[in-house]
Amino acid sequence: MGKTILVVDDEIMITTTLSTLIRMVLKYNVQVYNDPVEALQSEELTHKKVDMIISDFMMPGMNGLEFLKKARDKYPDVVPILLTGYSDKENAIKSINEVGLYYYLEKPWDNNNLIKIIQNGLEKKDLSDSLKLRYMEIQQSHEEIERLYSLLKKDYQQEVDNARNLIISLANVIEAKDKYTDGHTRRVGVISRTLGEKLGLPEEKLQQLEISGTIHDIGKVGVSETILNKPGKLTEEEFDLMKKHAEIGENICKPLNCMQNCLDAIRHHHEKLNGSGYPDGLKGDEISQEARVIAVADIFDALYSKRPYRDKLPLDKVRNIMKEETADGCLDQDIVNSLFELLDLGKITDIFKD
Ligand SMILES: [Fe+2]
């Protein structure tokens, strides 16, 4: 697009010379004004269709600096150049910053020098315009990203809420089927999370623990109610069927994206450090920390809850049984210690109050 330059000088000879020079050498549009007030009201300035102003200093009605300052108030991106006589030089220098002058030229000027100054000034403006445009584009992209992010965040939160509701529903299925588990699933979720906090695990792991703990026994939907609700000891055959709940639970949750990080803990919550657990007989470090935490929470809750065939066990007895199981290599020593520390602080028994 062609450039437009405003030449403002009260001397017609100067405006004619300058405009002819610019038109011939640079082929730019030149608009000439011999009155600065008229130039200020010009269409070019009002509609910001001007790239550069070359103005004389000494003019009747308004001096060049005053004029350029007002012109830049109307259109700050215009490049201002001042033509000064030698005697005006001091004033011009003083006002360079105030007006934001790009250059001042002394009369009489050197044509080649003037052309170079005009070209440099307009190049600088082009660069500054494209930087501003880029900045605006980045700003717009940033706003768009912010908007999409907040939408995604909303969607994600909705997904999390849906997943949580789904988990609560699944846990309720177990509660309805197995009369031994009255409130057990919810408590194992909360105790597991509390243990995770005590162990210093990050929030992401704590959420996994709460979900896995709440839903760890979901596989019991695949076990007959006669076995689940049998008051006495299970036969070997019945126990084998009961043991399948860990794998069934994993298979139930496998298709759910939101449960992928919980599958391991659901499958392995009955593994024991000494390898005597099920379904895979994992040993020591082969068992994930999440599965070990849920195992501790699960056993504690089973011992400390009322069962149809017995009252809840006193805390001392629960502690002793858990100490024995730890000594036998069934439970993780550090996690059991953490549980005991939390019990000392009354933080676990609180969960049983409501
Ligand atoms: Fe279980």
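1. Of the contacts in the chain with a separation of 6 or more, 62% are between residues 24 or more positions apart; two residues are in contact if their C-beta atoms, placed from the backbone, lie within 7 Å. The model is predicted: local features need pLDDT of at least 70, side-chain atom pairs count only at pLDDT 80 or more, and totals for chains, interfaces and linings use all residues. Residues are numbered from 1 along each chain as its sequence is written.

2. The radius of gyration of the chain is 41 Å, whereas a compact globule of 354 residues would have one near 20 Å (taken over C-alpha atoms; the globule rule is 2.2 Å times the number of residues to the power 0.38). The C-alpha trace spans about 115 × 40 × 35 Å along its principal axes.

3. The chain has 15 helices and five strands (DSSP runs, numbered from the N terminus: helices H or I, at least four residues; strands E, at least two).

4. In helix H4 (residues 64-74), the buried residues are Gly64, Leu65, Phe67, Leu68 and Ala71. They fall within an arc of 160° seen down the axis of H4, so they line one face of the helix; the arc is that of the directions from the helix axis to the C-beta atoms. Their cover includes strands E1 (4-8), E3 (52-56) and E4 (79-84), and helices H2 (36-40), H3 (43-46) and H5 (89-99).

5. Leucine 273 lies in the loop between helix H12 (263-268) and helix H13 (289-304). Leucine 273 is buried, with 22 other C-beta atoms within 10 Å. Beyond its neighbours within four places in sequence, leucine 273 is in contact with Lys283, Gly284, Ile287, Gly329, Cys330 and Asp332.

Note on methods. A residue is buried if 20 or more other C-beta atoms lie within 10 Å of its own, exposed if 12 or fewer, and partly exposed in between; C-beta atoms are placed from the backbone.
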